[in-house]
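Hi everyone, thanks for coming.

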Amino acid sequence: MAYAELHCHSNFSFLDGASHPEELVAEAARLGLAALALTDHDGLYGVVRFSEAARAASLPTVFGAELSLAPAKPRIGEPDPVGTHLMVLARDPSGYAALSRCIAEAHLTGGKKGNPVFDLDTLAGAQTGHWQVLTGCRKGAVAHALLADGPAAARRELLGLVDRFGADRVAVELWDHGDPIDLHRNDALARLAVETQVAHVATGNVHYHVTGRFPLATALAAVRSRRTLDELEGWLPPAAGAVLRSPGEQERRFARWPGAVEASVELAGTCAFDLRLVAPRLPDFSVPNGHTEQTWLTELVRLGATVRY
């Protein structure tokens with residue numbers, strides 16, 4: 001059995017993810033996952049810590065982000081923020097660079113923290129085949145259209161992604177958090193994938209590394225929405241479903257949709273790379289004896305702060 005987690009949020013998804021990147025890596029390695037992706041909201045903030053921890057654990061890494069599409073509106077203060085999401089995985093260092101550039105431009109366009117402005121057509125033009133797009137969770141355009149308007153609307157959204165990114169660069173995402181609707185939604189999404197000849201893939205839509213973080217995740221959701229837990233209860237998930245799972249557990253949960261778990265490993269194999277491939281190769285900086293570049297920078301900052309303040 002083999003499984004790679006391709007949809008995973010850390011605490012760098014502000015007030016959403018409830019585990020540090022290092023905790024997610026350690027649990028993924030313990031579970032025997034084939035690879036792990038970090039896909040935080042609208043940013044690549046945690047990738048260095050994630051990459052270093054994964055390298056030490058010999059765990060292949062995939063880098064991506066869950067992008068918030070229009071209407072552009074801050075997520076803070078809303079129990080269920082409006083707008084749809086697009087899940088993007090970088091297939092290689094060129095894809096990572098393009099994704100990083102698009103994220104930076106979106107935040108500059110938005111003009112303030114937490115309010116990036118992404119345009120789907122602009123994203124499609126920027127990726128030039130170097131991204132893998134997943135249809136995402138319930139906030140993804142395909143799943144959202146399915147639940148709101150039915151299979152025909154979901155098909156239109158999926159074909160729109162295929163037209164922009166290519167059939168081989170789009171995969172329909174299935175996830176199972178133990179909600180009664182998951183079975184029926186996944187049936188409809190898998191059927192749609194077969195009808196349109198697009199791959200379908202299982203994910204965990206992960207927000208914490210162990211079930212013990214579920215209370216923290218609900219508290220973070222309440223803080224994000226600026227409501228008490230009692231006020232937010234109707235929007236909160238009933239159980240700790242957004243957790244990392246073993247290959248065996250995912251095989252059991254997705255046995256109804258053959259190939260979905262195997263597809264996660266295949267996609268991870270095409271997208272995994274070491275972050276050191278995109279690190280700038282800067283020249284060494286001369287420092288006094290007894291110092292490293294980091295300790296000398298720290299000393300200069302201390303001296304400068306003393307003079308200034």
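Let me start with the rule for rings: those of Phe, Tyr and Trp, with the six-membered ring standing for Trp, pair if their centres lie within 6.5 Å. Planes under 30 degrees apart count as stacked, over 60 as edge-to-face, and the rest as tilted. Please keep in mind that this is a predicted model. By that rule we get five aromatic pairs.

Take F50 and F63: their ring centres are 5.8 Å apart and the planes sit at 85 degrees, so this pair is edge-to-face. F50 belongs to helix α2, residues 47–56, and F63 to strand β3, residues 61–68, so the pair ties together parts 13 residues apart in sequence. Buried or exposed, what is F63? Buried, at 0% relative accessibility, and F50 is buried at 0% as well.

F63 also pairs edge-to-face with Y96, at 6.0 Å centre to centre and 80 degrees between the planes. Y96 lies in helix α3, residues 93–110, so here strand β3 is tied to a part 33 residues away in sequence. Y96 counts as buried, with 12% relative accessibility. Ring pairs link F50, F63, Y96 and F273 into a cluster.

Finally, helix α8, residues 214–225. Its twelve residues should span 16 Å at 1.5 Å a residue, and the end C-alpha atoms are 17 Å apart, which agrees. Its buried residues include F214, L220 and R224, and α9, residues 229–232, is among what covers the buried ones. Just after α8, R226 takes a positive phi of about 60 degrees.

Key: Residues numbered from 1 in each chain as written. Predicted model: local features only at pLDDT ≥ 70, side-chain atom pairs only at ≥ 80, totals over all residues. Heavy atoms only, no water. Helix = DSSP H or I, 4+ residues; strand = E, 2+ residues; numbered from the N terminus. Expected span 1.5 Å × (residues − 1). Buried < 20%, exposed > 50% of the residue type's maximum accessible area, 1.4 Å probe, protein only. Contact = heavy atoms within 4.5 Å.
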